[in-house]
Amino acid sequence: MKPRHTPETPTPPVGPDTTAQVGQPYKTFLPIVTNGPAEPTPPPATKRLVIDPLTRIEGHLRIEAQIENGVVTDAWSCTMSFRGLELILKGRDPRDAWVFLQRVCGVCTTVHALASLRAVENALGISIPDSARIVRNLLAGSQMVHDHLIHFYHLHGPDWIDVPAALSADPAATAALQRSISPWPNNTSAYFDTVKTRLGGLVGSGQLGLFANGYWGHPAYKLSPEANLLMTAHYLEALTWQQDAVKIHALLGGKNPHPQTYMVGGMAIPLDPNGSTAINNTMVAALRDLMTRVQTFVEQVFLPDVLMVGAAYKDWAGIGAGAGHLLAVGDYPGRDGTLWLPSGVITDRNIGDVANLDQARITEEVARSWYDDSAPLHPSGGVTAPRYTGPTPPFDTLDVSAKYSYGKAPRYGGIPMEVGPLARMLVAYGRSNPTVRSAMDGALGHLGLNPGQLFSALGRIVARAVETKLLAAQLPVWLGELEENMRSGNLSMLDSSRWDPQTWPASAEGFGFTEAPRGALGHWIKIEGGKIANYQAVVPSTWNGSPRDGQGLRGPWEQALVGTPVADPARPVEILRVVHSYDPCMACAVHIVDPKTGETTSIKVR
Amino acid sequence: MPSETPNLDERLERHGISRRRFLAFCGAMAGALALPRATYASAVSAAFETRLAARQRPPLVWIEFQDCTGDTESFLRSNDPAIVDVLFDVISLNYHETLMVPAGADATRSLEDTLAQYPGQYICVVEGAIPMGAGGAYCLIGGRSALSIAQEVIAGAAVTIAAGACSVDGGLPGALPNPTGAVGVAQAVPGVRNLINLPGCPVNGVNLMAVLVYYLTNGSPPPLDSQRRPQSLYGRRIHQHCPRRENDEVRFYGDINHRNGGCLEELGCKGPITYANCYRKNWNGDTSWPIGAGALCIGCTNAHFWDTMTPFFAGGEVDD
């Protein structure tokens, strides 16, 4: 297996007279770049762009990019914060680990709790009861749906929607557009007139708040005024929708973010059709109602919007290809252990040839990361010692020829892999999963794309939408399984046979996988004497946002940016489109554990 | 563009909110702060009408450091979005890296402009801990350390709200052995004027909303305790107000008492030593709360709870 990437070439020196600073530290310069007119400023031959903070993501990301003749020729992904949960976890009770790890991220809340529980349960040989399995699927699945929606409308949306341009829309034509793409009932001229008036009030106030200093009027925006108004309306509607959607978590988890009803061995929340404080008949009815509303919004708003936006931006099916290698760990175990979304590995964009995942081939490298040097190591035996060697703040640019990120570089058999919805959908597609195949083919047919074009910024959006549709339809099915258990008296939610540390071996190791919204997540734990001796996580945005490795291979975002056109380096909306298409999450990406050296074990994953 | 300044009723109508619903919201805000409902509702209405008539809205600057964005999510997921809209008719959210449209220098410009145009007038919310180690290099934004940004932004704020455990006392990054030297606002920037601490992991978004509304209504923070926490939010012990308190003890998870509102104290619930208003079942639109769902309270509003409340589960037996 040969990596498709070409190792980086040395960066030509960039003179200060040709350097545009986007995102220079405030107070150290006067801003050179301002939000100028719609016409692109003619770019000099070579520019170094710095985008920091890269906003509308979780956490602190910096992108440095080199632009030549209107095209990105090289890019560096720099993760800029470190919390050091590794040292914090050492010596603590493994039954507490999920509570700590859940706080790795509050946006994709719960996914780290799940991976941690699975790692501890794997180490201790615990099988959770069937009803706990279902409730965990419901928590993780509803999280995925919620997260994908928020990403599309609130994080990625402003890259494609020119919000102020909606002010020139005709509300009646917008209503007609809405009726032409969906049966969604908010489709009257009066409704869109209200939204337009509200937007007008905001713009007219001169205080644009979150919308100030956007790249409005940029020629890369292609939606009609009516489509912009429709999408602005749905930006607002999605804020309301998501508040309802998280009530699934509140009911099953006690609260959101950071639902609290997990336990090593199952779930703390009890199941009893007639219990007054249990998952009972009343709660199941409430969950079913919430799931129906979730699914209706996904089917009638989200999917039609993605197809409408996608049709306007079809050229983005050719931009932002990235690594071309995909990895999925799979998730949502059924009663027999089969994963509803399968695991697998695709290399060199060969969708027809999905290899089985062998987690022993995962390594992490720190050649270009702010850690003490070490060889590529499997996570179960990794060594992590943070050592910041970048410039003393405040600074303008990083020396990207040296170490430049708190993110490590995960590799699979030495190859950088993309993880996330695209990986999951194409692995399932390649494995001929009929549900995924039919839904993906439907979306591709609508947009007139072929599966190969999914390796792109637009492809990630389409894959994320299809996955959302399938999951939203699956949640009620899983709820039905839970009802079945309730009816048949299969009420156990917790296997406590291994709760007491005295039942544990002196030393145990395990790992747990889950598919977070942003991609494959793995936790590895080592327990000694009833305490955490080692903990290691390999996280989606660590894969996708990885810096160079020891061979100089770019990480997926870095690779995806190469070749991206940038019409106006002062307003690099195209760079935001490519990076946001991966849905970055930097709190997750930063290496969270600092294990002491341990022997590498080889564990095969089906 | 409409340039008139509509009154509250007109503004509410434009958002599809009835006066009755707005009053219900004021009631909820009063409830969170344990204030008399009717008088507080009229105070909020009057203040909001005055603010709506003002030419400019005071800005809100929300800065994030070593965080998980959970406090932002809590705020977004816990409040009636239509009401959030109304809030943003009276204030202007000018800087929030997770939500704002511009990036890089253009995002920074939004912050710089706010600091320059509204000195001493903007509201600052801080989410996440501030690392003091490695010369500030454990959290870098725009090439600057979290500490230097916090110092500059907080210095010009009318009021600073530390939202969530991390910005109150360092939270999770600050748990022992605190590898990055993570601390909260009070320690990183001593002597902050009008600092309000809202611990919790995350802070309940309803409580944050209630504090914002109180500040906008009264122009000052609600009465604070010695740790600068609003007394009405953090003055009551969960156990004393817990609906499970009077019921028979749960002996193990899933037993008949667990399924029917039994007290979780024997399992290790931290409700008896935790002061917070979660017992109002006020998470996610008054949907539930951890103890209500059968989980232990982990005491997340307690100081340094990752060290003082752990191990979370070892206290109780889970089976007999």
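In this predicted model, helix 11 (residues 434-447) of chain A packs against helix 12 (residues 457-487) of chain A, with the two axes 10 Å apart and at an angle of about 135°. Helix 11 of chain A is therefore oblique to helix 12 of chain A. The crossing of helix 11 of chain A over helix 12 of chain A is right-handed. Helix 11 of chain A contributes A:Thr435, A:Val436, A:Ala439, A:Met440, A:Ala443 and A:Leu447 to this contact, and these meet A:Val462, A:Val466, A:Lys469 and A:Leu470 of helix 12 of chain A. By class, the contact of helix 11 of chain A with helix 12 of chain A comprises 8 nonpolar residues, 1 polar residue and 1 charged residue.

Two helix pairs of chain B may be described in the corresponding terms. Two packed helices are described by the angle between their axes and the distance between the axes.

Helix 2 of chain B passes helix 3 of chain B with right-handed geometry. On the side of helix 2 of chain B, the contact is formed by B:Leu23, B:Cys26, B:Gly27, B:Met29 and B:Ala30, while helix 3 of chain B supplies B:Arg37, B:Tyr40, B:Ala41, B:Val44 and B:Ser45. The residues of the contact between helix 2 and helix 3 of chain B fall into 7 nonpolar, 2 polar and 1 charged.

Helix 3 of chain B also packs with helix 10 (residues 205-218) of chain B, at an angle of about 70° and with the axes 8 Å apart. Helix 3 of chain B and helix 10 of chain B are therefore roughly perpendicular to each other. The crossing of helix 3 of chain B and helix 10 of chain B is left-handed. In this contact, B:Ala43, B:Val44, B:Ala47 and B:Arg51 of helix 3 of chain B meet B:Val213, B:Leu216 and B:Thr217 of helix 10 of chain B. The contact of helix 3 with helix 10 of chain B has 5 nonpolar residues, 1 polar residue and 1 charged residue.

| Helix pair | Angle | Axis distance |
|---|---|---|
| Helix 11 and helix 12 of chain A | about 135° | 10 Å |
| Helix 3 and helix 10 of chain B | about 70° | 8 Å |

## Sheets of chain A

Strands of a sheet pair through backbone hydrogen bonds, either parallel or antiparallel. In chain A, 3 strands form an open antiparallel sheet in the order 1-2-3. Strand 1 and strand 3 (71-79) of chain A are the edge strands, each with a single partner strand, so one side of each has no neighbour in the sheet. On average, neighbouring strands of this sheet are turned by 15° against each other, direction ignored. Strand 2 (residues 61-68) of chain A pairs with strand 3 of chain A in the antiparallel sense over 8 bridges. A:Ile63 has A:Ser77, in strand 3 of chain A, as its bridge partner.

Another open sheet of chain A has 3 strands in the order 12-13-14, again with antiparallel pairing. Its edges are strand 12 (507-516) and strand 14 (531-538) of chain A, each of which pairs on one side only. From one strand to the next, the twist averages 15°. Strand 13 (residues 519-528) of chain A and strand 14 of chain A are joined in the antiparallel sense over 7 bridges. A:Lys526 has A:Asn534, in strand 14 of chain A, as its bridge partner. Helix 3 (residues 111-124) of chain A packs on this sheet and touches strand 12 and strand 13 of chain A, its direction making about 150° with that of strand 12 of chain A.

Chain B is divided into domain 1 (56-234) and domain 2 (236-320). The C-alpha centres of domain 1 and domain 2 of chain B lie 28 Å apart. Their contact draws 14 residues from domain 1 of chain B and 15 residues from domain 2 of chain B.

Between the chains, the contact takes 92 residues from chain A and 82 residues from chain B. Helix 6 of chain A provides the largest share of the side of chain A that touches chain B, with 7 residues. That side of chain A divides into 42 nonpolar, 36 polar and 14 charged residues.

Notes
Residues numbered from 1 in each chain as written. Chains lettered and ligands numbered in written order. Predicted model: local features only at pLDDT ≥ 70, side-chain atom pairs only at ≥ 80, totals over all residues. Contact = placed C-beta atoms within 7 Å. Helix = DSSP H or I, 4+ residues; strand = E, 2+ residues; numbered from the N terminus. Nonpolar A, V, L, I, M, F, W, Y, C, P; charged D, E, K, R; others polar. Domains from an automatic or database assignment. Pairing = 2+ DSSP bridges. Axes fitted to C-alpha atoms, helices over the stretch in contact; angles between N-to-C directions. Parallel < 35°, antiparallel > 145°, perpendicular 65-115°, else oblique. Left-handed = near helix turned anticlockwise from the far one by under 90°.
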